[in-house]
Amino acid sequence: MAFGRLKRWIVGIVAVLVLVFSGLYAWSYWPIAADTNAIDPAVTLANELDEKGIKYSEGYVQSQEKQIHYVSAGQGEAIIFLHGFPSYWFTMFGLMEEFKSDYQVIAIDGLGVGKSDAPGNVDDYRIDKLVNHLEDVIDELDLKKVHVVGHDWGAAIATAYAQANPSKTNTLTAIGALPHNILLHRLDTDPKYRETFSYMSLFKSANPVLIRLMGVKEQIWKDTYSPFVEKGLITKQQGERLHEDIGQPRRTDRFINWYRANFPEFDEITDSDFWPSRSARVTVPALFIYGEDDQVVTEELAIDFKNSADSMVVLPLENTAHRPHFERKEEVTAAIRELIEEHQKSD
């Protein structure tokens with residue numbers, strides 16, 4: 001009798017565990033669809049903070065059967081802003097404010113991020129597909145030629161777009177990150193950089209449950225954005241919005257798919273992993289801005305980038321880390337404006 005009860009208990013416990021783990025699996029990997037009817041709270045806040053009478057609006061573009069969210073303000077030549085990791089469109093708000101009086105400014109939530117769709121399929125996050133999303137937004141908005149500004153992962157996508165579409169790119173500004181093909185080449189050939197970027201393997205091993213248990217959301221806030229509020233570089237309202245929106249476990253896991261899809265194990269890199277190609281160059285007027293205290297951008301990598309471009313200005317900033325557009329916004333703004341205006345004068 002006792003054995004029978006024990007057996008039933010064991011079967012019951014196993015059944016519960018199976019249900020729990022099945023539920024966690026479904027919760028972790030089920031696609032996340034954009035709610036196109038909901039107003040983005042970050043857009044509402046952006047309009048509350050507006051001091052120039054130029055309001056922000058938002059929209060969605062269907063690209064490769066995915067909904068991609070964008071935010072826009074102003075009129076004139078278009079500047080596209082692409083965010084990095086871990087962030088979303090609102091982290092480019094400070095730069096957008098600086099340019100919206102003279103240009104049409106547009107920021108995009110990348111696939112998996114912010115208010116865009118977040119499919120569970122890793123292959124959907126390959127860099128060629130992320131660039132295609134950018135192309136589709138540009139085409140849908142009927143923009144013939146654009147200036148592109150990207151930070152971190154956004155810099156990699158902006159550069160890949162410029163490499164593949166020079167006739168549709170006025171200027172390129174990359175902040176705090178290297179082109180995918182240049183970084184991948186270093187990882188393929190230089191053991192020193194494999195050590196520097198070993199954190200990618202840790203990223204790729206994450207999952208939504210682990211992200212929640214490790215308190216990644218609070219860690220991102222504490223390490224990344226809270227210091228900017230404390231230093232007065234962004235308002236308390238902006239900080240609260242970033243704290244609320246960034247670091248959701250399932251969204252963060254989908255964002256990590258950008259790493260899973262585009263960075264194979266370092267000893268398994270082949271030419272097919274490079275896009276547009278291993279030797280792709282930047283042929284449009286370009287600017288590269290990085291902080292000299294950035295842990296992942298070295299002078300050597302900056303030289304690699306400059307050597308891959310026909311015309312590039314490199315701006316290293318002292319006492320600056322990975323987010324110059326927060327830490328040194330005035331200098332970053334001035335450098336971007338100079339590049340754009342110089343290009344306009346040369347047309």
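This is a predicted model: local features need pLDDT of at least 70, side-chain atom pairs count only at pLDDT 80 or more; totals for chains, interfaces and linings use all residues.
## A histidine in strand E2

Let us begin with a pair of side chains: those of His-69 and Glu-58 make a polar contact at 2.6 Å. His-69 sits in strand E2, which covers residues 66-73.

The surroundings of His-69 come from several parts of the sequence. Setting aside neighbours within four places in sequence, His-69 is in contact with Asp-40, Glu-58, Gly-59, Tyr-60, Trp-89, Ala-107, Ile-108, Asp-109, Lys-115 and Ser-116. Keep Asp-40 in mind, as it returns below with helix H2.

## The protein as a whole

The protein has 15 helices and eight strands. Its radius of gyration is 21 Å, close to the 20 Å that the globule rule gives for 347 residues, so the protein is as compact as a globular protein of that length. Along the principal axes, the C-alpha trace spans about 90 × 50 × 40 Å.

Of the 347 residues, 51% count as buried. Among contacts with a separation of 6 or more, 78% are between residues 24 or more positions apart.

## Helix H2 and its cover

Helix H2 runs over residues 41-49. At its start, a side-chain oxygen of Asp-40 comes to within 2.9 Å of the backbone nitrogen of Ala-42. Asp-40 is also one of the residues in contact with His-69.

Which residues of H2 are buried? They are Ala-42, Val-43, Leu-45, Ala-46, Asn-47 and Leu-49. The elements that cover them include strand E1 (57-63), strand E2, helix H3 (93-99) and helix H11.

## How H2 meets H11

Two packed helices are described by the angle between their axes and the distance between the axes. For H2 and H11 (residues 236-245), the axes come within 11 Å and cross at roughly 175°. An angle over 145 degrees counts as roughly antiparallel, and H2 and H11 are therefore roughly antiparallel to each other.

On the H2 side, the residues that meet H11 are Pro-41, Ala-42, Leu-45, Glu-48 and Leu-49. Their partners in H11 are Gln-237, Gln-238, Arg-241 and Asp-245. By class, this contact has four nonpolar, two polar and three charged residues.

Lys-129 belongs to helix H4 (residues 127-140). Is this lysine buried or exposed? Its relative accessibility is 17%, and because the cut-off for buried is under 20%, Lys-129 counts as buried.

The side chain of Lys-129 makes a polar contact of 2.9 Å with the side chain of Asp-123. Apart from neighbours within four places in sequence, Lys-129 is in contact with Gln-64, Asp-123 and Asp-124.

## The loop between H12 and E7

Another stop is the loop between helix H12 (249-262) and strand E7 (286-291), where Val-284 is found. Val-284 has a relative accessibility of 4%, so it counts as buried. Which residues does Val-284 touch, its neighbours within four places in sequence aside? They are Ala-162, Pro-166, Thr-169, Asn-170, Leu-172 and Ser-311. Val-284 and Ser-311 are 27 residues apart in sequence, while their C-alpha atoms are 6.9 Å apart in space.

Pro-276 is found in the loop between H12 and E7 too. A cis peptide bond joins Trp-275 to Pro-276, with omega about 0°.

## More backbone details to look for

Another cis peptide bond joins Phe-85 and Pro-86, with omega about -10°. Pro-86 is in the loop between strand E3 (78-82) and H3.

Asp-152 has a positive phi of about 55° although it is not a glycine. Its place is the loop between strand E5 (146-151) and helix H5 (153-164), and at 12% relative accessibility Asp-152 counts as buried. Asn-319, also not a glycine, has a positive phi of about 50°. This residue lies in the loop between strand E8 (312-317) and helix H14 (324-327). Asn-319 counts as exposed, with 67% relative accessibility.

Conventions
Residues are numbered from 1 along each chain as its sequence is written. Side-chain values use heavy atoms; hydrogens and water are left out. Axes are lines fitted to C-alpha atoms, for helices over the stretch in contact, and angles run from 0 to 180 degrees between N-to-C directions. Helices (H or I, at least four residues) and strands (E, at least two) are DSSP runs, numbered from the N terminus. Angles under 35 degrees count as roughly parallel, over 145 as roughly antiparallel, 65 to 115 as roughly perpendicular and the rest as oblique. Contact means heavy atoms within 4.5 Å. Ala, Val, Leu, Ile, Met, Phe, Trp, Tyr, Cys and Pro count as nonpolar, Asp, Glu, Lys and Arg as charged, and the others, Gly among them, as polar. Buried means under 20% relative accessible area, exposed over 50%, partly exposed in between (1.4 Å probe, protein chains only). A polar contact is a pair of N or O atoms within 3.5 Å; within protein, one must be able to donate a hydrogen and the other to accept it, and residues adjacent in sequence count only if both atoms are side-chain atoms. The radius of gyration is taken over C-alpha atoms; the globule rule is 2.2 Å times the number of residues to the power 0.38.
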